[in-house]
Amino acid sequence: MQRFEHSLRRTGQGRGRYNHGGRGRTGRGRRDRPYHGGRGDQMKPLLDMIISDLHPHTIVEEPGFLRFFESISQSPPTSPAMLSELQSLISQMKRIVQERLEREDNVALSSEVWNTTTNKTYMTTTCHLIDDTWTRQAYVLETKSLPEEYKASHVVGQLRKIADTWRLGNKIKVVVTNVDGMKKDIKKAGWDLIPCFANTLDVVFKETLEASSDWKEVVQRCYEISEYFSHAEAQGQLKRAQIKMGFKQHNLVESKGDQWLSTLNMLVRISEQHQAVREVLLEFKCDLLLSEHELKNIMKTTSCLEAFKHVTSPAERYYSLSNIIPQVESIKKKLLDLQRGGNEFAKELAQHLNHHFSKAKENDWLTLSATLDPRHRDIALSEKGASARIQKTIIAEMKHLAEERSFIQPDSLHKDLRRYLEKKRLPIDWDPLAFWNFQKGEDWNLSEVARKYLAVVLTAGPADIAFDTEKARLVASRRSNLDPEHLNMMLFLNGNRFLLS
């Protein structure tokens, strides 16, 4: 019992880098470990630095890098030699990923479309699964360029090519993406579509601003204030005011676009530094001064966006789809409390949130993943009339698995599900994958259904980047600095670097 509880508490312990062995379909021996190149141990730290930090391979021939190697009395590799090492590594890493994917029956894809600083558009596709040791695995497969004016059909076309390249065939059940308007094309491909949760929250925030000129204007005013203080002279003026008032010497945070998290960070910093900002603006830029009414609206907006942040603060690289329904319910509750306190922005934000998630409890992927997550099971089943439908769907999936094994005992399947539903709900900080790892021997059919649904993630890209503004900016900058010719190679190596353990 102690071992069971200890394992259940190990929530979010990574993506396989702690799995140095394992058994069954995803176990690997020493032959799986990638070769690090002809220079042996001397090359390992350098390869790791370039892959982990997304440096271009040509860094080895830059003046500062050359001086560093001179200081430690070593001769650096040439750029062609480093490229050769990386290409050798990627070919071996691809073999490992392919072998692991061939052992799986069900996988999910996430498709993240992103732009470089030069406005070139790329799509990075990642494959998600839960292996036989009940460890969440995520393998970056491909990064492809998209046309400047791309359509949903371009994205689906690339996904089809990737499926063929990696021989995934009918293993793909669902695609999580941050691209709008793809439902029809995804359905034609025979997959289900799950919109990226992070992107949907951004859409909710954007629509709320667009629907009300008051809120849009106050946020726009804050954009302009942050832009003014992005220049060196204004930063110096702000610093002097901060010293005079005894404030922390922080620059304002710039926010571009309609992303709720970067906007929240901007509003919080302006609120914290308001007196220092006001003193500078009174002397140099009076037209940007905020009124008392605008300050109150900033506080109301901040309170609402803090409700988003409270439920999305990243602790793991990838979150299961099972979290969406409970997180939305949590946001709704916090917004309702704010409405009761007279927060008008909370009311408008809640309306748009309800619009986008009004049918969440009718979606099988959302309801079944939450039901099969022992932490959230009761939330998914609480909707009137939902329990019978969800149980019927789970039984049908269990029966399908039993038929594939030529072992059908309908009464046993119902008993297995009832036994699970009667178990005590897990605390929120416990690990649902560890729970199913212990259950798989007793309830194989049910645990296999749980594996299918819990493997799906809620964001198109890693959650720790989607919900962390600073990390997102760092990754965006590094991706933009990579040579387009080698971008796919570098992001593949970076995304699968846990295989180097």
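Good morning. Setting aside neighbours within four places in sequence, Lys-471 is in contact with Asp-464 and Ile-465. With Asp-464 there is also a polar contact, side chain to side chain, at 3.4 Å. Please bear in mind that this is a predicted model.

Let me place Lys-471 in its setting. The residue belongs to helix α22, which spans residues 469-480. Its relative accessible area is 33%, so Lys-471 is classed as partly exposed.

I turn now to a second residue, Thr-301. Thr-301 is part of helix α12, covering residues 292-312. Is Thr-301 buried or exposed? Its relative accessibility is 1%, and because buried means under 20%, Thr-301 counts as buried. Which residues does Thr-301 contact, leaving aside its neighbours within four places in sequence? They are Trp-215, Leu-267 and Phe-345.

Finally, a word on confidence. Across the chain, the mean pLDDT is 88, and 90% of the residues reach 70 or more. Residues 12-39 call for a separate remark: there pLDDT stays under 50. For that stretch the model has 71 contacts beyond four places in sequence. Where pLDDT is low, predicted coordinates should not be read in detail.

Thank you for your attention.

Conventions. Residues are numbered from 1 along each chain as its sequence is written. This is a predicted model: local features need pLDDT of at least 70, side-chain atom pairs count only at pLDDT 80 or more; totals for chains, interfaces and linings use all residues. Side-chain values use heavy atoms; hydrogens and water are left out. Helices (H or I, at least four residues) and strands (E, at least two) are DSSP runs, numbered from the N terminus. Buried means under 20% relative accessible area, exposed over 50%, partly exposed in between (1.4 Å probe, protein chains only). Contact means heavy atoms within 4.5 Å. A polar contact is a pair of N or O atoms within 3.5 Å; within protein, one must be able to donate a hydrogen and the other to accept it, and residues adjacent in sequence count only if both atoms are side-chain atoms. pLDDT is the predictor's confidence in each residue, from 0 to 100.
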